[in-house]
Amino acid sequence: MIWNPPIGIAADYAEGAALLRGLLRAVGKGFEEDAEFTECVAKATAHLDKQQAKYFLLETGEIVSMTGDDPAASVRRLAYEDIPDTVAKAEAAISGQNDDWLASVRADWQQHFASFYSEALYYSFPN
């Protein structure tokens, strides 16, 4: 861990990847001819295929340190409230039981799925 306190979140890789793939399929209904969405899905799935592991590791340090909130409390909220809530909504949408949420994700799919992955880590040092 590079943060103190430890504020990373780990989860089962196979289950998370399957959920994301299922959600991308559900969101993609109606976007079959959209080249931008198709490219986004291809990049995301290629990244998932390449990065296969036992666990996903979400390094939350940069995200939670941008607020004045307690980082450990923010990560607990993510792990025990925000992520489970979103997973439940995604699972319901995939099974056809949450069309309103799915429509809202579909309407702003770039915000939710645009891939920002890179093969390189870019950083800078202060003077």
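Trainee: What does the accessible surface of the protein come to, and what share of it belongs to carbon and sulfur atoms? After that, please take helix H5: which of its residues are buried and which are exposed?

Mentor: This is a predicted model, in which local features need pLDDT of at least 70 and side-chain atom pairs count only at pLDDT 80 or more, while totals for chains, interfaces and linings use all residues. Residues are numbered from 1 along each chain as its sequence is written, and side-chain values use heavy atoms, with hydrogens and water left out.

The accessible surface comes to about 9,100 Å² (Shrake-Rupley method, 1.4 Å probe; for residues, only the protein chains shown count as cover). Carbon and sulfur atoms hold 55% of that surface. Of the 127 residues, 24% count as buried; that word means under 20% relative accessible area, exposed means over 50%, and partly exposed is in between (1.4 Å probe, protein chains only). The protein has 6 helices and 2 strands, which are DSSP runs numbered from the N terminus (helices: H or I, at least four residues; strands: E, at least two). Their order from the N terminus is β-α-α-β-α-α-α-α.

Now to H5, which spans residues 99–107. Trp101, Leu102 and Val105 are its buried residues. They cover an arc of only 100° around the axis, which puts them on the same side of H5; the arc is that of the directions from the helix axis to the C-beta atoms. An α-helix has 3.6 residues a turn, so residues three or four places apart point the same way. On the other side of H5, Asp99, Asp100 and Ala107 are exposed. Serine 104, also in H5, is partly exposed, with a relative accessible area of 39%.

The cover over the buried residues of H5 includes helices H1 (13–28), H4 (71–94) and H6 (109–113). Take H1: its axis and that of H5 come within 9 Å and cross at roughly 80°. Axes here are lines fitted to C-alpha atoms, for helices over the stretch in contact, and angles run from 0 to 180 degrees between N-to-C directions. H1 and H5 are therefore roughly perpendicular to each other, a label for 65 to 115 degrees; under 35 is roughly parallel, over 145 roughly antiparallel and the rest oblique. Where they are in contact (heavy atoms within 4.5 Å), Leu23, Ala26 and Val27 of H1 meet Trp101, Leu102, Val105 and Arg106 of H5. The residues of this contact divide into 6 nonpolar, no polar and 1 charged.

Definitions and conventions: Ala, Val, Leu, Ile, Met, Phe, Trp, Tyr, Cys and Pro count as nonpolar, Asp, Glu, Lys and Arg as charged, and the others, Gly among them, as polar.
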